[in-house]
Amino acid sequence: MSFQAPLVGQERAVQFLRSAIANDKVGHAYLFSGPVGIGKLALAINFSRWLNCQYEVAADACGCESCRKITSGVHSDIKLIGEDRSVRSIKKADVMELRSWLILRPLEAKKKVAIVDVAERFTEEAANAFLKSLEEPPANVVLILLVHDTGRMLGTILSRTIEVVLRPVSSETIVAKLGPDKGPDEVLYVARRARGSVGAAQELLRVGAFEEKNAIISKAMMSGWACVFTPGAKKDVYKDVLDVAQGFFRDCILVMAGDTSLCYNQDRVCDIRHVVDWVPRSDLYKMIEVIDEALCGIEKNYNQRLSATRVAMIAEKIDARLMSVEQER
Ligand SMILES: [Zn+2]
């Protein structure tokens, strides 16, 4: 496994960690927090490199043996646990194994580093076992927890770690990073939908989210929005449709306000204008509200049925309005 994930737009966090190293004030335990795809793992890998580089300041392209091994994921003193994100929980046995690894002296590193990915997956027993390592940290060890929902972490863990918050970066920064290979509408769309996360934007590009959203919008304009919100669809599929619809109806509000420059769907302004011209403003606001509710419910794992019914109801209302316009013509 190699770690080539990009680290973009996190200058404050980088500065904070680098100066801790420069001033010999590196803590025993850190908690990197921020949304999925923002670059927490990339920052942790870079931090491990800076802590162990054979040179004074590890440059981004440093090719020293330590940096090279860490980047390629083969350094014996750097450990990542929880890397398989499809596994639902990190168990006590995983933490006990980590703890017996931590007490061994480093083989080649100045500082051993243990990184726990999506640490909110700790079971209660695992969290309590981990707490022991935080309370009695072995020498020359740095623990890094990567967390996107700090609300799910034990207070006792939060209070014993140094939190480094990774903030969303601007769409412009993401567009610049994604480069000129793709069309400008596509790059701008994924950058805005990724909401400040370079990793998420790259993933959206990779899975062809732009073509997918255009297929959804075209279907909605042709056969109605109610048709695209297929009830009983798989959660991920339904979430994608909601995300696309949220962008589209949010764009409607921008167009109503006379500002198309911030639209997600620069390539669909014509369709958006058509909807804005014929659908009452109150229905558009209501649509955004029920979509937000549904997305929030998915995030919290609530039963989707009720919110899906609400979305479908408003969608039908909007479809009926657009349909009556077609018939009048
Ligand atoms: Zn180096």
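Tutor: Happy to! Let's start with a term: two strands pair if DSSP finds at least two bridges between them. Helices (H or I, at least four residues) and strands (E, at least two) are DSSP runs, numbered from the N terminus. Residues are numbered from 1 along each chain as its sequence is written. This is a predicted model, where local features need pLDDT of at least 70, side-chain atom pairs count only at pLDDT 80 or more, and totals for chains, interfaces and linings use all residues.

Student: What is the strand order in the open sheet?

Tutor: The order is β2-β3-β4-β1-β5, five strands with parallel pairing. At the edges are β2 (78–81) and β5 (162–165), each pairing on one side only. From one strand to the next, the twist averages 20 degrees.

Student: And which strands does α4 touch?

Tutor: α4 packs on the sheet and touches β2, β3 and β4. Its direction makes about 175 degrees with that of β2. Axes here are lines fitted to C-alpha atoms, for helices over the stretch in contact, and angles run from 0 to 180 degrees between N-to-C directions. Contact is when the C-beta atoms of two residues, placed from the backbone, lie within 7 Å.

Student: New topic: how many residues are in the largest nonpolar core?

Tutor: It has 40 residues, and F32, L43, A44, I144, L145 and L146 have the most contacts inside it. Such a core is a set of buried Ala, Val, Leu, Ile, Met, Phe, Trp, Tyr and Cys residues joined through C-beta atoms within 7 Å. Buried means 20 or more other C-beta atoms within 10 Å of a residue's own, exposed means 12 or fewer, and partly exposed is in between, with C-beta atoms placed from the backbone.

Student: Which helix gives the most to this core?

Tutor: That's α2, with eight residues. Leaving aside neighbours within four places in sequence, A44 is in contact with F32, I115, I144 and L146. Another core, of 26 residues, lies apart from the largest one and includes V244 and F248.
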